[in-house]
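Visitor: I have a protein open here and would like to go through it. Where do we start?

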Amino acid sequence: MIFAITLIIVVFALYIFYLKLGVVKLLLHPGFYFLIIWAFSIASEWLYYSLGIAIVIDKYYIDELNIYAAYTSICFLLCLLMDKKNRCSLGEVKSFKIFHSYNLFLFLTVLSFIGLVIRFVSMGASFNMGVNRANVFLYNMNSTSNFLGSLLGFFNFILLIYSGFLFVSKILKLRTVKFGNFVIILPLIFGVLEGVLIGGRNPVIIAIKYFFIGMSFALLGLKTNKQTLVKLYKFVFVIFVSFAVFSSIVGEQRNQTFGDESRVKKLDNKLLLMTSGISNYLSSHYWGYQLRRIDYVDENNLLYGAATFYGLLDVKVPFSSRLGINDDLNIWNNFTSYTPKELYFDLQYEGYYTTNSIYLSLMKDYGKIGMFFVIFIMVFITHRCFNYVVNYRGRNVSHLFVYLMFFTYWGSSNFDSTMNSNVYMSFLIPLLLYDVIKKFFKPSYPLFISNKN
């Protein structure tokens with residue numbers, strides 16, 4: 001019954017989001033990604049539970065997780081319905097100057113490609129994602145080559161947003177774009193290759209979400225006709241199906257490598273087997289929640305934000321470990337000894353590889369009752385950030401910092417439990433550097449909206 005009620009609430013919230021925002025702003029709202037993830041997650045777990053192949057340690061914890069997901073969906077819905085200022089006036093957008101230059105896009109694309117090649121070669125990666133997954137646990141992630149490759153990929157998320165903007169502008173003929181389609185979608189391809197590199201799905205779905213942000217930016221303020229929306233629906237559908245296929249391939253190759261007789265093997269329906277990769281991926285955190293709910297959460301010793309907002313205080317000198325600077329300079333150490341690694345325990349621990357939803361850390365911080373209040377506050381702030389971005393007309397991409405922080409939090413709510421560990425290195429520093437670097441590139445301003453729309 002709780003499965004059914006939760007799914008109805010989530011799907012209803014999705015429907016209202018679509019009616020109120022439309023497809024363009026829908027792709028920009030963090031709440032949409034939360035709702036779509038949990039709609040498929042709940043449906044998948046419900047299916048496995050009905051077939052008797054779900055991993056059930058304690059049914060109470062499954063119901064508990066569903067209740068929190070339903071409550072969060074209601075909070076997003078209430079914030080949307082109470083907000084009378086979530087509109088973007090049509091025709092007022094002349095250009096987005098954060099998308100500064102063709103040459104800057106090409107420069108960042110080359111950097112990202114070089115970094116990806118370095119990581120592929122240094123890790124000895126192949127296109128067998130099962131083998132790559134096994135190698136990840138053996139590879140020294142602190143190696144110089146990996147560090148250099150990661151450094152060159154510093155701007156990947158900005159590049160993906162840029163890519164989505166140019167792609168829609170080119171395909172829908174909204175702006176004059178000189179690059180071919182293949183060059184424009186290279187950042188998205190790099191995201192897929194990053195997934196191949198680690199034998200995982202998360203880099204791919206993250207790349208898709210940033211790409212969608214750029215798509216939305218390209219259409220903000222425009223009066224979109226039915227033909228334009230149909231094309232946009234097709235893009236979203238193709239990308240979603242492609243991810244589902246990729247996810248199934250990842251699952252199959254990892255099963256072959258690890259010799260794992262997965263629960264999905266018990267499915268006797270061909271259609272269910274074809275989609276088992278994504279359904280297994282999106283529901284695996286139910287098992288992780290049950291495991292960690294037992295041994296990770298101590299309601300008699302709450303941390304009051306240390307677990308959820310770890311990334312906000314994880315401040316240290318950039319690349320300090322490479323410079324030989326003592327980690328004691330990290331101000332986090334002055335507050336608590338908590339580390340997100342506590343979620344995973346030892347690599348031999350049962351289910352250490354399962355994804356962990358945001359609710360584990362919220363529970364560890366605020367307990368079963370307190371987290372209801374915190375969730376509403378976070379949803380409210382998220383919606384305000386969305387409104388700010390929709391109406392932002394400046395040229396500095398660093399203004400997107402808080403929005404992107406919350407976007408990642410809700411958009412990976414079934415996977416990441418903290419406020420993106422070290423958000424400054426992940427977002428703020430790349431955004432600030434981008435604003436500095438773009439000053440050295442002559443503006444192309446190919447971003448003027450076509451009179452055709």
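This is a predicted model: local features need pLDDT of at least 70, side-chain atom pairs count only at pLDDT 80 or more; totals for chains, interfaces and linings use all residues.

Visitor: Which residues of H9 are buried?

Guide: Leu186, Pro187, Leu188, Phe190, Gly191, Glu194, Gly195, Val196 and Leu197 are the buried residues of H9.

Visitor: And how many helices and strands does the protein have?

Guide: It has 18 helices and zero strands.

Visitor: What percentage of the protein's residues is buried?

Guide: Of the 453 residues, 54% are buried.

Visitor: What about contacts with a separation of 6 or more: what share comes from residues 24 or more positions apart?

Guide: Such residues account for 82% of those contacts.

Visitor: Which residues form the nonpolar patch on the surface?

Guide: Phe40, Phe237, Val238, Phe240, Val241, Val245 and Ile249 form the patch, with about 600 Å² of accessible area together.

Visitor: Which helix gives the largest share of the patch?

Guide: Helix H11, residues 226-258, with six residues. Val241 is in H11.

Visitor: Why does Val241 count as partly exposed?

Guide: Because its relative accessibility is 34%, and partly exposed covers the range between the under 20% of buried and the over 50% of exposed.

Methods:
Residues are numbered from 1 along each chain as its sequence is written. Side-chain values use heavy atoms; hydrogens and water are left out. Helices (H or I, at least four residues) and strands (E, at least two) are DSSP runs, numbered from the N terminus. Buried means under 20% relative accessible area, exposed over 50%, partly exposed in between (1.4 Å probe, protein chains only). Contact means heavy atoms within 4.5 Å. Patches are made of residues with over 30% relative accessible area and no salt bridge: like charges are joined within 9 Å, nonpolar side chains (Val, Leu, Ile, Met, Phe, Trp, Tyr) within 5 Å. Accessible areas come from the Shrake-Rupley method with a 1.4 Å probe; for residues, only the protein chains shown count as cover. A salt bridge is a side-chain nitrogen of Lys or Arg within 4 Å of a carboxyl oxygen of Asp or Glu.
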